[in-house]
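Please look over the sequence and the model before reading on.

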Amino acid sequence: MARRTLPILKQLCARSPSLSPGSGSTRSVTYMPRPGDGAPRPVTLIAGDGIGPLVTGAVEQVMDAMHAPVYFERFECNGEMKSVPPEVMESIKKNKVCLKGGLMTPVGGGVSSLNVQLRKELDLFASLVNCFNLPGLPTRHENVDIVVIRENTEGEYAGLEHEVVPGVVESLKFHEQRNGTNTQPPDQAYCSFEEQASNKKYTAGTIPPIRQGIPFGKASLFTVYADSYPVFSCTLLDNFCPDVVYVITKFCSERVAKYAFEYAYLNNRKTVTAVHKANIMKLADGLFLESCREVASNYPGIKYNEIIVDNCCMQLVSKPEQFDVMVTPNLYGNLVANTAAGIAGGTGVMPGGNVGADHAIFEQGASAGNVGNQKLVEQKKANPVALLLSSAMMLRHLQFPSFADRLETAVKRVISEGKFMTKDLGGTSTTQEVVDAVIANLD
């Protein structure tokens, strides 16, 4: 009897979408909201440079069409500014959440990146980029679904560099020490800092530093060690000792590793891979690896791997489907995320964000290399998909999952149909035509 009824049930499921597992018409309970959870939430909106106003404007239109419970405080901010305007920073600190178009950083000239300023000021220690195949978008590799989580506040990419002597520039793999200074002579160095997570002050006391024999004219570098780990490092010029700066630190390495494993745990991811160059950078990257290993021991259900960044890039372009969640120091993560984005479909469709303990900024996930493309601006053909998907991430962050699902589903339908695609995806559509198609596909 059971054998005879099974084909009939299958036919009924095939005819009725409501009976088929995983169909879009089934409604599931996502969570029980608390009273007041539906109140509109303020979000700081930075339009950005170049195509930024186009794609942020696209997000505003879609949010209005969905009647999403968010409203934007819009600010004009451009990469040529020396610093982030105070009113913008105040808005982000008040609202806790920001959506941002790309900000250009002039190459050379000593102009500080506003993107880096935002990450440092708000302590956005983790950058997340999700690189995945979209149905209907042909790519060389299939089954790509990689999440790159990178440390966002220290390392080479933190932008710390200075001219030691005329003609000699030193780029430091350090992070600015915010909560203490070291003006003692090297033989009497004291180490103290405030742990940002709990605001408690830890004083390591007198730590005999190791003076590194790196003569550069009248400059030399010394490093302070604690428990065999480099804690502080600074450059001495004659009798001048600047504010202490961090090397790659155990504190920052541990918290980004914890975030990566927590993300994997909460999203049913199976593997976390640490990307490093510890075969050469034995102390700095070695400390990063040690931190990742300690955190991994607390997650026995998640497989932990390590890979040297050189091999990682080669493996990404040859067999990207082997990677799941990747956790990296700052600079490596920027390179890995852009490589993965190019493999999965391009930077125009990859969402991302930056998160800290109190604030989050959502933006195009991979490098916004087309931010200053004047031709795209004039033709109004910028791809809004990446920022729309980043907005879906933002809606989930704000605990509006059904709105996030509706937005993601509409975007994926437009890509799958292939009728409205911008030039980077092989089409000729304008930004507005893509937006109209997304709105038409909203449930």
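**Basis of the report**

This is a predicted model, in which local features need pLDDT of at least 70 and side-chain atom pairs count only at pLDDT 80 or more, while totals for chains, interfaces and linings use all residues. Residues are numbered from 1 along each chain as its sequence is written, and side-chain values use heavy atoms, with hydrogens and water left out.

**Helix α2**

Helices (H or I, at least four residues) and strands (E, at least two) are DSSP runs, numbered from the N terminus.

Among the buried residues of α2 are Gly52, Val55, Val59, Val62, Met63 and Met66. Here, buried means under 20% relative accessible area, exposed means over 50%, and partly exposed lies in between (1.4 Å probe, protein chains only). The buried residues of α2 pack against strands β1 (41-46), β2 and β3, and against helices α10 (385-397), α11 (401-417) and α12 (431-440). Such contact means heavy atoms within 4.5 Å. Just after α2, histidine 67 takes a positive phi of about 55 degrees.

**Nonpolar cores**

A nonpolar core is a set of buried Ala, Val, Leu, Ile, Met, Phe, Trp, Tyr and Cys residues joined through side-chain atoms within 4.5 Å. The largest one has 91 residues, and those with the most contacts inside it are Met63, Val70, Leu99, Ile149, Leu395, Leu407 and Val438. Apart from its neighbours within four places in sequence, valine 438 is in contact with Val62, Leu388, Leu407, Ala410, Val411 and Val414. A second, separate core of 14 residues includes Phe75, Cys98, Leu103 and Leu114.

**Two buried polar residues**

Lysine 100 is found in strand β3 (residues 97-100). With a relative accessibility of 3%, lysine 100 counts as buried. Its side chain is joined to that of glutamate 363 by a polar contact of 2.6 Å. A polar contact is a pair of N or O atoms within 3.5 Å; within protein, one must be able to donate a hydrogen and the other to accept it, and residues adjacent in sequence count only if both atoms are side-chain atoms. Leaving aside neighbours within four places in sequence, the contacts of lysine 100 include Ile46, Thr56, Asn115 and Leu387.

Serine 291 belongs to helix α6 and is buried, at 0% relative accessibility. Not counting residues up to four places away in sequence, serine 291 touches Lys250, Ser253, Glu254 and Ala257. Serine 291 and lysine 258 are 33 residues apart in sequence, and their C-alpha atoms are 9.2 Å apart in space.

**Salt bridges**

Side chains of opposite charge can pair when their charged atoms come close. A salt bridge is counted where a side-chain nitrogen of Lys or Arg lies within 4 Å of a carboxyl oxygen of Asp or Glu. The count comes to 17 salt bridges. The table gives examples.

| Glutamate 60 | Arginine 74 | 2.5 Å |

Through shared partners, salt bridges join Glu60, Arg74 and Glu76 into one network.

**Cysteines**

A disulfide is a covalent bond between the sulfur atoms of two cysteines. Under the rule used here, the two sulfur atoms must be within 2.5 Å, and the count comes to 0 disulfides. Cysteine 77 is in no disulfide, and the nearest cysteine sulfur, that of cysteine 98, is 9.3 Å away. Cysteine 77 is buried, with a relative accessible area of 3%, and cysteine 292 is also buried, at 0%.
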